[in-house]
Each structure stands twice: as structure tokens, then as C-alpha cells.
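Please examine the sequence and the three-dimensional structure shown below.

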Amino acid sequence: YVQRLLSANKEALRNRAGLLFPGQAWSDQVLAVRDVRDLRRRPGVAGSWGRLCREIRDWPGASIISMEWLCVATDEQVDTIVTDLAPARVEVIFTVRDLGRTLPAAWQEYMQNQHPWSWEQFLDGVSDEDPTAQPPGRTFWAQQDLPILLQRWASRVSAAHTHVVTLPPAAASGRPRGRASRGHHPRTRRE
């Protein structure tokens, strides 16, 4: 949802707010994150992180990269990301929502990304006494263990530059059910 809003308003963000949403399309950010995270299973991935970083460095103002796969970057990958975006100050913004909405959304995303788990297998894996014992639980909690994820990023960009935005349940937002709440994602600022 956030990426669609950013993409749809790319020119307005650039012209009115001086904010760069880099890449010709959001898919360029996806490729770049695949590259920096070494997930090179598709053509066109190699070198895409460097191209995105050059575009950000050439922009005189703030930029925003919005890609959920960044949250699970390893320590080494986070170091690379922060170093490659220098001299920009990296601000990391996690958007989080309640587990009741996260579980079905995560399962749907895994299904789209070739994970063959049924809903039952997914729930069993996630709720197992040792959720790391089964692939669904291991995958889910690697992306959802907020204290670990926050510590990984905060240890590199500082706690002052690591933020959490909690998204209220759809009913609490005053909007009809089925519409996602707005949030923000990682971005860089020029000092």
C-alpha cells in the first residue's frame, strides 16, 4: 500500500516536497534490495543497488526507499547499506501492525513468493512451541521479531534514527475495513 502511494505520487513528492522516491518504478527498489541482500535469483539484479545509491547521492534532498525485505538484512548487509548511502544520514522507520492482520498478510506474501505452505502449515509453524523448528515459523519470526530487528538497525544508525510507527486496526482508523493505514519507510536525509 505505501509503495503504491509513493509510486503514484513520485512527481509530486519530488516537485513539492523535494523528496526522491528513487528508481524508474518501485520494482527498481525491489531489484536493488535483492542485490544488496544477495538475493540474485532473477536477471537484472546485479548492480541495481549501486545504481539506486548513485541516484540517491546525486539528489540534493531526502530520499525514501520502501521495501520490507530490508528489515531482515543481516548485520553485514546493514553495514553495507549504511556505508553505501553515505554521506546521507539513514533514518529507519518500521511500520508495524497487530499480529491478527500480520499473519494473513504474511502468508499471502509468502504464497506470492513461491512458499508452498497451506494456511494450516503456516499457522502450525508460526505457533509451534519452537517456531524456528519449521520453515514457516523460522521465516515468519525472522521478519517479525521486532526487538531483534530494531537492535540490528539501531546498532548501526543509532536508536535516535530508528523509529517505529504502529498502525492502528482498520476499525480504529475511522476508515472502512479493507483499506490499509498509511505509514512511512526507511529514508535518507542529507545533513
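A residue is called buried when its relative accessible area is under 20%, exposed when it is over 50%, and partly exposed in between, with a 1.4 Å probe and protein chains only. At 29% relative accessibility, Ser158 therefore counts as partly exposed. The model is a predicted one, in which local features need pLDDT of at least 70 and side-chain atom pairs count only at pLDDT 80 or more, while totals for chains, interfaces and linings use all residues. Residues are numbered from 1 along each chain as its sequence is written, and side-chain values use heavy atoms, with hydrogens and water left out.

The chain as a whole comes first. Helices (H or I, at least four residues) and strands (E, at least two) are DSSP runs, numbered from the N terminus. By this count the chain contains 9 helices and 4 strands, and their order along the sequence is α-α-α-α-β-α-β-α-α-α-α-β-β. Of the 191 residues in the chain, 39% are buried. A contact means heavy atoms within 4.5 Å. Among the contacts in the chain with a separation of 6 or more, 64% are between residues 24 or more positions apart. Accessible areas come from the Shrake-Rupley method with a 1.4 Å probe, and for residues only the protein chains shown count as cover. The chain exposes about 10700 Å², of which carbon and sulfur atoms supply 53%.

The pairing of H3 with H4 can be described by axes, which are lines fitted to C-alpha atoms, for helices over the stretch in contact, with angles running from 0 to 180 degrees between N-to-C directions. The axes of H3 and H4 come within 7 Å and cross at roughly 120°. That makes H3 oblique to H4, since angles under 35 degrees count as roughly parallel, over 145 as roughly antiparallel, 65 to 115 as roughly perpendicular and the rest as oblique. H3 passes H4 in a left-handed crossing; a crossing has this hand if the near helix is turned anticlockwise from the far one by less than a right angle, and is right-handed if clockwise. On the H3 side the contact is made by Gln29, Leu31, Ala32, Asp35 and Val36, and on the H4 side by Ser48, Trp49, Gly50 and Leu52. By class, the contact of H3 with H4 has 5 nonpolar, 3 polar and 1 charged residues. Here Ala, Val, Leu, Ile, Met, Phe, Trp, Tyr, Cys and Pro count as nonpolar, Asp, Glu, Lys and Arg as charged, and the others, Gly among them, as polar.

H3 is followed by Asp38, whose phi is positive, near 60°. Asp38 is a residue other than glycine, and its place is in the loop between helix H3 (26-36) and helix H4 (48-58). At 51% relative accessibility, Asp38 counts as exposed.

H5 passes H9 in a right-handed crossing. In this contact, Asp75, Val78, Asp79, Ile81 and Val82 of H5 meet Arg152, Trp153, Arg156 and Val157 of H9. The contact of H5 with H9 divides into 5 nonpolar, no polar and 4 charged residues.

Pro87 lies in the loop between helix H5 (75-85) and strand E2 (89-96), and a cis peptide bond with omega of about 15° joins Ala86 and Pro87. Ser158 is found in the loop between helix H9 (146-157) and strand E3 (162-166), and its phi is positive, about 90°, although Ser158 is not a glycine.

Which residues does Pro104 touch, not counting residues up to four places away in sequence? Pro104, in helix H6 (residues 99-112), touches Leu99 and Trp119. Pro104 is partly exposed, with a relative accessible area of 34%.
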